[in-house]
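Biologist: I am new to this model. Please take a close look at one part of the backbone, then lead on from there.

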Amino acid sequence: MNKIVEKEYFSDNVVKIVVEAPRIAKSRKAGHFVIIRVEEKGERIPLTIATSDEDRGTITLVVQTVGVTSSKLAALEVGDVILDVVGPLGQATHIENEGTILACGGGVGVAPLLPIVEAFKKAGNRVITVLAARSKDLIILEDQMKQYSDEVVIMTDDGSYGKKGLVTEGMEMVINREKVDLSVVIGPAIMMKFAALTTKKYDIPTMASLNTIMVDGTGMCGACRVTVGGKTRFVCIDGPEFDAHQVDFDEMLLRLNGYKEQEKKAYEEYLATVKK
Amino acid sequence: MSVAKEYLKEERSQEWRNELRKSLKSKERLEFKRIKMNEVAPLERIRSYIEVNSGLTEIEAMAEARRCIDCPDPTCITGCPVEINIPKFIKKIEVGDFLDAAKVLKETSTLPAVCGRVCPQEKQCEDRCFYQQKLGREAVAIGYLERFAADYERESGHISVPDVEERKGIKVASIGSGPAGLAFAGDMAKMGYDVTVFEALHEIGGVLKYGIPEFRLPNEIVDIEVDGLRKMGVKFETDFIVGKTATIDDLRADGFKAFFVGSGAGLPRFMNIPGENYIGILSSNEYLTRVNLMHAAQHEYDTPLLEGKVVAVIGGGNTAMDSVRTAKRLGADRAMIIYRRSIEEMPARVEEIKHAKEEGIEFLNLNTPVEYFADEKGRVNRMKVQKMRLGEPDASGRRRPIPIEGSEYFIDVDTVVVSVGVSPNPLIPAALPELEVTRWGTIVVNEDTMQTSIPDLFAGGDIVRGGATVILAMGDGRQAAAGMNKYIQETVMNKV
Ligand SMILES: Cc1cc2nc3c(=O)[nH]c(=O)nc-3n(C[C@H](O)[C@H](O)[C@H](O)COP(=O)(O)OP(=O)(O)OC[C@H]3O[C@@H](n4cnc5c(N)ncnc54)[C@H](O)[C@@H]3O)c2cc1C
Ligand code: FES
């Protein structure tokens, strides 16, 4: 179980990993995530399931190497085993035929967006996808997105690909052009915050999928808590998707940095050991 | 389950027990003083995770066992939720048959080494002891003796595996591997069922692993008890969340005939006061899970930890005590309990409060936090606390704490651990909309059989009681095993 059967680099620090997890492959739906632990001394981290293949009994994870655990995971090769993979966790995305969907993904948030785009398309929606990244080499899954989107808009900060500008500019271009019934945004917290402010201006219902710090992923610890509409909610069991206009992104941004110093130090130590 | 009085009488009238009673008059037995537990000195133990209580020696255990007068009507047993034959195991210790004493424990308890360490004996068996009841003197140290016998067996290397009936070839499952699930699994395995325990986390043991710290209950002890279950044929599947990884229906299709839900009261409560989501404020479950399950305090493990210098723990239960004593061990200069009632009303075990005091934990009783403040990075740095006084008794029989107007003051802190209780784990109820639950989210069961509103589903432990105790969870697990066995006999086995 949990054997890696396929691995592919999307960019220098974004890697796709296909892992055997037959039970999860069978029961997972768009929006679900798993918690993994790479090895005995590893930590537990959440990763969204990008796609799955029930016949092969596999799930696909997309990992951006940002710290110790993601680097350890990316360092595994085909044939290696991830010690623990548990899931599917969280509430599945509520999919209906809403009309026109504006799906926005930033950075590695594009991976969790893929199954949602696919599901909305299959439910008969018109889907317009905005993918944003700093530069061309960080745009991932474009072809897969095209398969399930009526249109894919690419935005890069430096203009090296698609249009130059922020994700919000791409969103406004679409919003000003046609009626949008629902928006879905997934990406770094800061991007989701501004995407939510943008759709709020136009009164477009918006969902954000939150990527808080987690430990167990089963509702047991509260590490993942966020304030939504003035109430404390647990992302792992109540989410990960919430009404983006209700989420207190500023608090979430602070909480995401809760262990920053420890993480940075650990990552430096880790990099020193691998370089040797 | 009622105590089989006849059986106890018969056991008591066995030759060796008669002889033993005659060998020393009750009057003489009453002369002896209760033994003191050997403990690691406070200043030494707070620098490590070493177990605080180091147990009794053989001589000490035999001496304490002499105090028990082997009452004709052993009231102590009525105080034990799993009805251990207490006089019998104590008398076995008195005559030096330590391995037999351990066997007596195992007749009714799946986890004696655990219970000997974490049960609130002073509210249970020891509270009903003749010494306590009739003489107003210190009870026989039943808990210490239980721990002694279980430890002796483990350390002797002659761990007995209970007899298992002929395999029936019938599959049953436990959902959750806490004490409720483990006790259930043990009894079902004894009756010859094919038992699988599903556990959401990567370790077996529930709260025993992720909650109760090493200095009170070493993990190794839980692992050895779990090994015993493996030897009895119980299977364990970690990283498996029933209702998510597979539904109950999936498992029914896989051939499972009945289920026991022992999923615990895992959901931490917060107080919903301003600033509670600042960095450095966390639930006791998160704090203890990082330290105990993820080993975050050990450098070679990856899980990070906020090591506070001034740590306030909110609450008065065992969980609060475990958190505050953990903080001390992680190097806090100031570790304090903030609890809204008085010290007498704290629900924690008496021994934990005593140990905490010895370790230099500060107790701010009749105080409650009302607001938190943080620095520019969002890390908590100060809390506003209000003083309380005690009013009339409330529904729990304890005097209700009432805030004193204008008594607010500030305490500088860098870490706050919120330990104000837990709610039932919602995973199973959410996955089974037809399951009957109370408005608090606990599962409704028939108190005799532990059967839920879904016939092939039984439940027990914290998911039924809300946060309770290890031994009550185990008692439920055993009762559910009996109920399920009857259900299977009546339904599954009668159908051809
Ligand atoms: C820090 C702390 C200290 C304590 N100290 C004491 C003490 O000294 N003495 C005492 O008597 N009691 C103590 N208690 C209380 C005691 O631990 C609990 O009452 C007892 O563990 C409850 O047992 P349980 O089997 O019902 O649940 P738990 O021990 O909570 O176990 C439930 C298990 O089920 C798993 N689970 C949940 N849902 C699912 C699912 N859908 N699929 C698979 N697995 C699932 C959970 O991950 C968990 O491992 C303490 C509790 C805590 C938190
Ligand atoms: S991750 Fe622990 S409660 Fe959500």
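Modeller: Pro240(A) lies in the loop between helix H7 (235-238) and strand S15 (241-243) of chain A. Helices (H or I, at least four residues) and strands (E, at least two) are DSSP runs, numbered from the N terminus. The peptide bond from Gly239(A) to Pro240(A) is cis, with omega near 10°. This is a predicted model: local features need pLDDT of at least 70, side-chain atom pairs count only at pLDDT 80 or more, and totals for chains, interfaces and linings use all residues. Residues are numbered from 1 along each chain as its sequence is written, chains are lettered from A and ligands numbered from 1 in the order written, and side-chain values use heavy atoms, without hydrogens and water.

Another cis bond joins Gly87(A) and Pro88(A), with omega about -5°. Pro88(A) sits in strand S6 (residues 84-89) of chain A. Most peptide bonds are trans, and most residues other than glycine have a negative phi.

Now to phi. Asn2(A) has a positive phi, near 65°. Asn2(A) is in the segment before strand S1 (4-11) of chain A. At 8% relative accessibility, Asn2(A) counts as buried (under 20% relative accessible area; exposed is over 50%, partly exposed in between; 1.4 Å probe, protein chains only). Asp239(B) also has a positive phi, near 55°. Asp239(B) is in the loop between strand S5 (235-237) and H14 of chain B. Asp239(B) is buried, at 11%.

Chain B and chain A bury about 3600 Å² between them, 54% of it on carbon and sulfur atoms. Buried area is the accessible area (1.4 Å probe) that two parts lose on being put together, summed over both. In chain B, Lys244(B), Asn277(B) and Asp302(B) lose the most area to chain A, together 19% of what that side buries. The contact (heavy atoms within 4.5 Å) takes 44 residues from chain B and 44 residues from chain A.

There are 2 salt bridges between the chains (a side-chain nitrogen of Lys or Arg within 4 Å of a carboxyl oxygen of Asp or Glu). Asp302(B) forms a salt bridge with Lys72(A), the closest N and O atoms being 2.6 Å apart. On the side of chain B that touches chain A, the elements giving two or more residues are helix H14 (248-253), strand S7 (267-268), strand S8 (281-283) and helix H15 (284-293) of chain B. H15(B) gives the largest share, 4 residues.
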